[in-house]
Amino acid sequence: MGGSPGPVHAHKARDKAAGQNPTLEEGAKGYQVKRLQRLLKDHHFDPGAIDGIFGPATKKAVVTAQKAHGLNASCIAGVMTWHAIIAAAESKTQENSSLL
């Protein structure tokens, strides 16, 4: 019973989190693009229509958000872009709840 522990596996929640925030770029489609568009719009970065299509307006909003958060304007919503936008959303939520 005192043997070595089994293989180390990544925590399931960590694996899931990466899948929830996929890298998105122009041409991507689907509910994750809609989610990104809603987050961008909520933070006053106009992605155009919330239609689930990563087109020119969404690309422009991503670049604007990246610059506003001090990130490299890559036109791609990757890990750091998602993190910055979600952190801003959480900060805004906490700020609003402290006003109550």
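Tutor: We start with a definition: a residue is buried under 20% relative accessible area, exposed over 50%, and partly exposed in between (1.4 Å probe, protein chains only). Keep in mind that this is a predicted model, where local features need pLDDT of at least 70 and side-chain atom pairs count only at pLDDT 80 or more, while totals for chains, interfaces and linings use all residues. Residues are numbered from 1 along each chain as its sequence is written, and side-chain values use heavy atoms, leaving out hydrogens and water.

Student: Is threonine 81 buried or exposed?
Tutor: Threonine 81 has 5% relative accessibility, so it counts as buried. Its place is in helix α4, residues 79-98.

Student: What is threonine 81 in contact with, beyond its neighbours within four places in sequence?
Tutor: Contact means heavy atoms within 4.5 Å. By that rule, threonine 81 is in contact with Val62, Gln66, Leu71 and Ile76, leaving aside those sequence neighbours.

Student: How many helices and strands are there in the chain?
Tutor: Both are DSSP runs numbered from the N terminus: helices are H or I with at least four residues, strands are E with at least two. Here the chain has four helices and zero strands, giving the pattern α-α-α-α along the sequence. Of its 100 residues, 27% count as buried.

Student: How do I read a single helix?
Tutor: An α-helix has 3.6 residues a turn, so residues three or four places apart point the same way. For the length, the expected span is 1.5 Å times one less than the number of residues. Helix α3 covers residues 56-68, and its 13 residues reach 18 Å from the first C-alpha to the last, close to the 18 Å expected.

Student: Which residues of α3 are buried?
Tutor: They are Thr58, Ala61, Val62, Val63, Ala65 and Gln66. After the helix comes glycine 70, with a positive phi near 75°.

Student: What should I know about a nonpolar core?
Tutor: In soluble globular proteins, nonpolar side chains tend to be buried together. A nonpolar core is a set of buried Ala, Val, Leu, Ile, Met, Phe, Trp, Tyr and Cys residues joined through side-chain atoms within 4.5 Å. The largest one here has 15 residues, and Leu24, Leu36, Leu40, Phe54, Trp82 and Ile85 touch the most other members. Helices α2, α3 and α4 each supply at least two residues of this core, and α2 gives the most, with four.

Student: What does phenylalanine 54 touch?
Tutor: Not counting residues up to four places away in sequence, phenylalanine 54 touches residues including Leu24, Val33, Leu36, Val62 and Cys75.
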